[in-house]
Amino acid sequence: MKKIERRLAGFLAGRPGPVTAMVKDLTTGRLYRYHRGERLITASTAKVQILMALLLDTPWRELPDAVRRDAEVMIRYSDNRAADRLWVRIGGASGFTKAGRRYGLRHTRGVPGDCMDLYCWGITPTSAEDQVRLMAALVSEGSPLPAADRGRVLGLMGRVVRGQNWGVSAAACEGDRVALKNGWLRRVSTKRWAVVSAGLVRGGGHDYAVAVLAEGSAEVGQGIATVEGVTTRIMKSFRACTRVR
């Protein structure tokens, strides 16, 4: 773990912060946390929890076609209007938070009312640990979400459109399966970017749940580079095939 700390310290020196991250090997239980106490915003990664909240109430097979389309474009294309419609459908902040509790989240609470940054779901405070818990719930037999619906969510996250599939995928090795959702939001209050990536990297007999959250970049590309750099520097200690970026 000290080796990871040294890698991250060298990489993040001079980069804007804050940054928090967690990786958990769901097969062995091994984990690493970076700045565990940090609480940053979800940006569009909240859309996974919106869909998982929706499916707790209504299975995919019973959803109207229009709602299914909203779910697909919300995850695969990060469509904000679709997310707004589903946010209302799940009961807004209270429904979002209630669903999070069922998935074992401890630090993630929906923001009610009108929000300065436009999308209330996007400024939800969360922790890297909660995002890893949510990813783990997509592959756990003990999840409150049935297997068929978990598969639907993973299928959409595995088909995020090109150009939005950066982030934790940087740690993938040949033959791996990746399911992810990224977020990027320029905060009205600071004019700086929040960039987030959460997902699952599955291969070599292991499932890795990964979450990295960063804020403070002047440009979104800088935030993406930070997220990918942190991801690969942690994952390098979990599997030799990961190439550091």
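Predicted model: local features only at pLDDT ≥ 70, side-chain atom pairs only at ≥ 80, totals over all residues.

**Notes on the sheet**

S1 covers residues 19-25 and pairs with S2 in the antiparallel sense, over 4 bridges.

Then I traced the whole sheet. I found an open sheet of 5 strands in the order S2-S1-S7-S6-S5, with antiparallel pairing. Strand S2 (31-34) and strand S5 (177-186) each have a single partner strand and stand at the edges, so one side of each has no neighbour in the sheet. I noted an average twist of 5° from one strand to the next.

I went on to the other side of S1. Here S1 and S7 run antiparallel and are joined by 7 bridges. I picked out Asp25, whose bridge partner in S7 is Tyr208.

S7 also pairs with S6, again antiparallel, and I read 11 bridges between these two. One of the facing pairs I checked is Trp193 opposite Ser217 in S7. S6 and S7 form a hairpin with 2 residues between them. In that turn I found Gly204 with a positive phi of about 65°.

How many residues of S7 are buried? I got 11 of 12, so I wrote S7 down as mostly covered.

Last, I looked for a helix against the sheet. Helix H8 (residues 220-235) lies across S1, S2, S5, S6 (193-203) and S7 (206-217). I noted that H8 runs at about 145° to S7.

Terms used: Residues numbered from 1 in each chain as written. Heavy atoms only, no water. Pairing = 2+ DSSP bridges. Axes fitted to C-alpha atoms, helices over the stretch in contact; angles between N-to-C directions. Contact = heavy atoms within 4.5 Å. Buried < 20%, exposed > 50% of the residue type's maximum accessible area, 1.4 Å probe, protein only.
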